[in-house]
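Colleague: I would like to learn how to read the features of this model. Can we go through them one by one?

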Amino acid sequence: MLKRRIIPCLDIKNGRVVKGVHFAGLRDAGDPVEAARAYDLQGADEICLLDITATTEGRETFVEVVRRVSAQLFVPVTVGGGVRRDEDVRKLLGAGADKVAINSAAVANPPLVRRLAERYGSQAIVGAVDVRRLPARPGEREPLYEVVIHGGTRSTGLDVVSWCRQLADLGAGEILLTSMDRDGTRDGYDLWITREVARAVPIPVIASGGVGSLEHLREGLATGWGEADAALAASIFHFGLYSIAQAKRYLLDHDIPVRPPEPAHPALV
Amino acid sequence: MAREVTIVDAGLGNLASVERALIQVGAAVRVSGDPDKVATARMVVFPGQGAFGPATSAIVDGALGAALRMVIDRGDPFLGICLGMQMLFDRSEENAGHPGLGILPGYCRRFPLGLDEDAEPNARPPLVPIMAVEPKIEGGSKRESMAASIAAALEGDQEAAAAATTHLTSDGDEPPRSDDGNGEPGSDAAGTDAPPPAEGEAAPAPAPVAPPPPVAPVAVVAPPPVVHTIPAVARDNPDAPLRRLVKVPHVGWNAVEPTGEHYYFVHSYYVEPERPEDVMWVTSYGGIRFPAAVRYQNLLGCQFHPEKSQRAGLKFLRAFLLGGWG
């Protein structure tokens with residue numbers, strides 16, 4: 001049976017790992033290569049690197065980070081953040097990334113997703129979707145969500161589920177769904193929208209935003225809860241709260257199928 | 001003593017990680033897309049990502065395909081990864097039936113949507129995993145004809161190349177696509193299962209006064225449209241058992257039988273081999289059991305990505321390098 005994936009995520013700014021609350025208020029959390037290697041040794045199923053620098057020099061630094069990190073790892077590496085053009089994707093894949101996440105650029109220019117998927121294969125293109133829960137309105141039984149872009153600063157009015165379906169139709173191979181409201185809060189994933197999307201699209205969904213405990217990982221992945229195919233988390237792993245192996249043992253104890261933690265990792269072969 | 005491995009650069013995806021992984025396990029690596037270099041390699045790794053399509057057809061029909069067949073035919077160690085493994089088989093059933101190298105009998109199929117994740121493996125004849133088959137290296141008996149086919153392909157002489165290669169593939173069952181022989185409407189170009197049922201064709205249309213077919217003979221069956229909506233789960237009925245439908249592509253870590261080891265997969269198509277004895281390891285997804293790894297004589301193929309499968313993947317590559325299985 002296919003296992004759910006645990007994906008530690010490193011937010012990268014100017015070549016360093018940082019982590020913020022609500023996409024702002026950043027704290028330094030160390031060297032990306034060191035962090036990525038530690039996760040690899042603990043048995044992370046995949047590593048995610050997100051570029052949260054907005055500047056041109058920052059972009060070049062990020063490509064360099066991707067190159068240095070992926071040169072060390074034998075697990076898939078997903079990268080994203082500020083990817084606008086075909087050229088960006090080519091550079092990142094060339095630097096060793098396995099998958100590139102497209103966010104705002106996909107909203108601005110949906111055919112870009114199709115073109116990229118045709119050129120590099122669907123498996124290399126991840127549709128990143130940042131979502132925000134809209135204020136509750138009287139009479140609504142279910143919460144409403146919209147897609148936001150540019151790091152959560154701009155709303156689009158797009159319905160989340162239909163946009164995710166459209167991304168799948170355009171050829172995206174996975175959806176990386178981040179709740180803006182939860183990001184960095186450690187309150188847990190937004191389970192409602194995660195499950196809605198996971199049930200609506202035929203491609204795997206990675207839950208993101210809000211993990212503060214191992215139970216949150218379980219919630220995001222469990223059938224009837226978040227139903228995501230993979231759980232992405234940043235801060236609980238960064239600051240040494242939990243190791244990947246602890247997370248996996250917890251999930252296995254709670255009947256979530258994950259790849260068992262690696263044995264105290266000997267040197268790779 | 002480093003073993004020299006040639007990674008085939010066929011333009012089917014990123015090779016850097018395959019290269020790094022092989023270096024990690026001690027290989028001396030050469031990357032080449034040159035048919036001459038590939039044909040003379042002593043150990044070949046053929047990686048690929050994606051699906052059958054015009055690009056794979058060009059490889060199969062071209063000089064590179066001939067070079068790959070030559071290496072395999074000569075009995076040198078050969079590893080196909082993901083699409084590189086799928087291409088060892090006859091053809092893809094969909095995508096209008098693009099051909100494979102036709103070295104192993106079998107087809108490539110797309111995972112259907114809407115499969116239940118917890119479904120029991122279906123009733124089709126189970127694939128029997130086997131282990132520890134001694135590599136049976138056949139001498140270079142067909143070397144001359146291989147060389148002929150490569151020479152022909154290099155000269156762009158498609159006909160001669162085709163003739164030479166069909167002679168080589170053990171059972172020359174590559175159906176002549178787009179030939180007038182199968183011009184009846186409804187004839188299946190993919191030719192997947194049994195021969196077309198004659199009675200089904202003949203009964204509705206008594207032939208004698210049949211007018212000539214109005215349009216071009218059916219050579220290519222249009223692939224079924226990819227349906228991107230999966231059946232909704234009944235959320236309104238809380239008593240209904242929770243079920244979860246599988247996603248396509250099959251992305252992530254899955255265990256293989258019989259070793260129980262986990263490897264990283266990413267693919268939308270899987271192989272359905274005709275000979276169970278070619279299957280080395282099996283994986284299941286949504287009730288479909290498919291080969292995670294195949295083996296035939298000097299030939300090894302894996303559906304997963306060993307270069308992305310951490311310790312287990314490196315161990316696999318190492319074993320290939322050292323030629324030890326079982």
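Colleague: Which strands does helix H9 of chain B lie across?

Modeller: Helices and strands here are DSSP runs, H or I of at least four residues and E of at least two, numbered from the N terminus. Contact means heavy atoms within 4.5 Å. Axes are lines fitted to C-alpha atoms, for helices over the stretch in contact, and angles run from 0 to 180 degrees between N-to-C directions. In this case H9(B), residues 310-322, lies across E1, E2, E3, E4, E10 and E12 (299-302) of chain B. H9(B) runs at about 160 degrees to E4(B). Helix H1(B), residues 16-24, lies across E1 (3-8), E2, E3 and E4 of chain B, at about 160 degrees to E2(B).

Colleague: What are the ground rules for the model?

Modeller: It is a predicted model: local features need pLDDT of at least 70, side-chain atom pairs count only at pLDDT 80 or more, and totals for chains, interfaces and linings use all residues. Residues are numbered from 1 along each chain as written, chains are lettered from A and ligands numbered from 1 in written order, and side-chain values use heavy atoms, without hydrogens and water.

Colleague: In what order do the 7 strands of the open sheet in chain B come?

Modeller: Two strands pair if DSSP finds at least two bridges between them. The order is E2-E1-E3-E4-E12-E11-E10, with mixed pairing. E2(B), 27-32, and E10(B), 279-285, each have a single partner strand, so one side of each lacks a neighbour in the sheet. Neighbouring strands are turned by 20 degrees on average, direction ignored. Inside the sheet, E3(B) (44-48) and E4(B) (78-82) run parallel, joined by 5 bridges. Val45(B) has Leu79(B) as its bridge partner in E4(B).

Colleague: And the sheet of 3 strands in chain B: what is its order?

Modeller: This open sheet reads E5-E6-E9, again with mixed pairing. Its edge strands are E5(B), 89-92, and E9(B), 269-273. E6(B), residues 104-110, runs antiparallel to E9(B), with 5 bridges. One pair is Gly106(B) with Pro273(B).

Colleague: How are two packed helices described?

Modeller: By the angle between their axes and the distance between the axes. For H5(A), residues 110-120, and H6(A), the angle is about 35 degrees and the axes are 8 Å apart. H5(A) brings Pro110(A), Val113(A), Arg114(A) and Ala117(A). Among the residues on the H6(A) side are Trp163(A) and Leu167(A).

Colleague: How many residues of each chain are in contact between chain A and chain B?

Modeller: 52 residues of chain A touch 38 of chain B. Buried area is the accessible area (1.4 Å probe) that two parts lose on being put together, summed over both. Here it is about 3,900 Å², 53% of it on carbon and sulfur atoms. A salt bridge needs a side-chain nitrogen of Lys or Arg within 4 Å of a carboxyl oxygen of Asp or Glu. The count between the chains is 3. One of them joins Asp98(A) and Lys308(B), closest N and O atoms 2.9 Å apart. H6(A) (160-170) and H7(A) (191-200) each supply at least two residues of the side of chain A that touches chain B. H7(A) gives the most, with 4 residues.

Colleague: Which backbone values deserve a look?

Modeller: Most residues other than glycine have a negative phi, and most peptide bonds are trans. The bond from Val248(B) to Pro249(B) is cis, with omega near 10 degrees. Another cis bond runs from Glu257(B) to Pro258(B), with omega near 0 degrees. Arg186(A) has a positive phi, near 60 degrees.
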